[in-house]
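Reader: I'd like to go through this one with you and hear what stands behind each label. Can you take the helix packing and then the pocket?

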Amino acid sequence: MTELAQYLPAYVQALGVTLWLSLCAAFGGMLLGFAINGLCGRHGLMFRLWRVYVWAIRGTPFLAQLAVIYFGLPSVGIMLSAAEATLLSLTLYSAAYFSEIFRTAWNSIPPGQREAALANTISTRRCFWHIQMPQAVRFALPLLGNQFILTIKESAIASIITVPELTMTTSQIVANTYSYILPYTLLIISYWLLAQGVSLSVRTLSHVLRTGE
């Protein structure tokens, strides 16, 4: 218990850093993916450029992307702290995955619904917000929750550039105390609690949406 009390304050602080980075990056990536996926449409140059971006992000390790931003941007005069570089790279990384989720969700909606809405003098805007959006959200919600959890897990790579999140804090404790079992057990429990929190939130929101329906 004494050892646990000794480590707990550091883990609480690191948990806050991990939660802040993960949630900011996930919400930022979700908004960016949603906006660009809507603006690019299905054809044209913007759509092709966005598809290349998604292909590049999903086909390369997040560690490599983080290294390019943290170590590469200073060479062109853009200086970012370790936390800022992590937030930027994690946002850009998650945006590619979130955009694919939204694209799949919109493709799941039968195109005939929009045609029927227009035939009944329902505007495109009302059709989007009142007919298409609720269906897309219900379809995408479990996938969005999974991507939130993956973003939390990927934030552990920030320990490579000394961001004081959970993994980095655990490594420092192990290096200073040569104790392995309890620090890594606390690390596993911390990530598990974060993942369970996201899962519970998604289930609660799904229940609210079903009830509202």
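Author: Helix H2 (residues 45-58) and H4 have axes that come within 9 Å and cross at roughly 120 degrees. It's a predicted model, where local features need pLDDT of at least 70, side-chain atom pairs count only at pLDDT 80 or more, and totals for chains, interfaces and linings use all residues. Residues are numbered from 1 along each chain as its sequence is written, and side-chain values use heavy atoms, with hydrogens and water left out.

Reader: What makes H2 oblique to H4?

Author: The angle of roughly 120 degrees. Under 35 degrees is roughly parallel, over 145 roughly antiparallel, 65 to 115 roughly perpendicular, and the rest oblique, so H2 is oblique to H4. The crossing of the two is left-handed (the near helix is turned anticlockwise from the far one by less than a right angle; clockwise would be right-handed).

Reader: Which residues of H2 make the contact?

Author: Trp-50, Arg-51, Tyr-53, Val-54, Ile-57 and Arg-58. On the H4 side the list includes Tyr-93, Glu-100 and Arg-103; contact means heavy atoms within 4.5 Å. By class, this contact has nine nonpolar, one polar and four charged residues (Ala, Val, Leu, Ile, Met, Phe, Trp, Tyr, Cys and Pro are nonpolar, Asp, Glu, Lys and Arg charged, the others, Gly among them, polar).

Reader: And why is H3 called oblique to H4?

Author: Helix H3 (residues 62-72) packs on H4 at about 130 degrees, with the axes 9 Å apart. That angle makes H3 oblique to H4. H3 passes H4 in a right-handed crossing. In H3, Phe-62, Gln-65, Leu-66, Ile-69 and Tyr-70 meet H4 residues, among them Ala-82, Leu-88 and Tyr-93. The residues of this contact divide into 10 nonpolar, three polar and no charged.

Reader: How much space lies in the largest pocket?

Author: About 370 Å³. A pocket here is an open set of points on a 1 Å grid where a 1.4 Å probe fits, with protein on both sides within 12 Å along at least five of seven lines, and lining residues have an atom within 4 Å of a point. Of the 22 lining residues, Phe-27, Leu-141, Phe-148, Val-202 and Leu-205 are the closest to the pocket's centre.

Reader: Which helix gives the largest share of that lining?

Author: H6, with nine residues. The lining has 19 nonpolar, three polar and no charged residues.

Notes: Grid points are joined across faces, edges and corners, and a volume is the space filled by probe spheres set on the points. Helices (H or I, at least four residues) and strands (E, at least two) are DSSP runs, numbered from the N terminus. Axes are lines fitted to C-alpha atoms, for helices over the stretch in contact, and angles run from 0 to 180 degrees between N-to-C directions.
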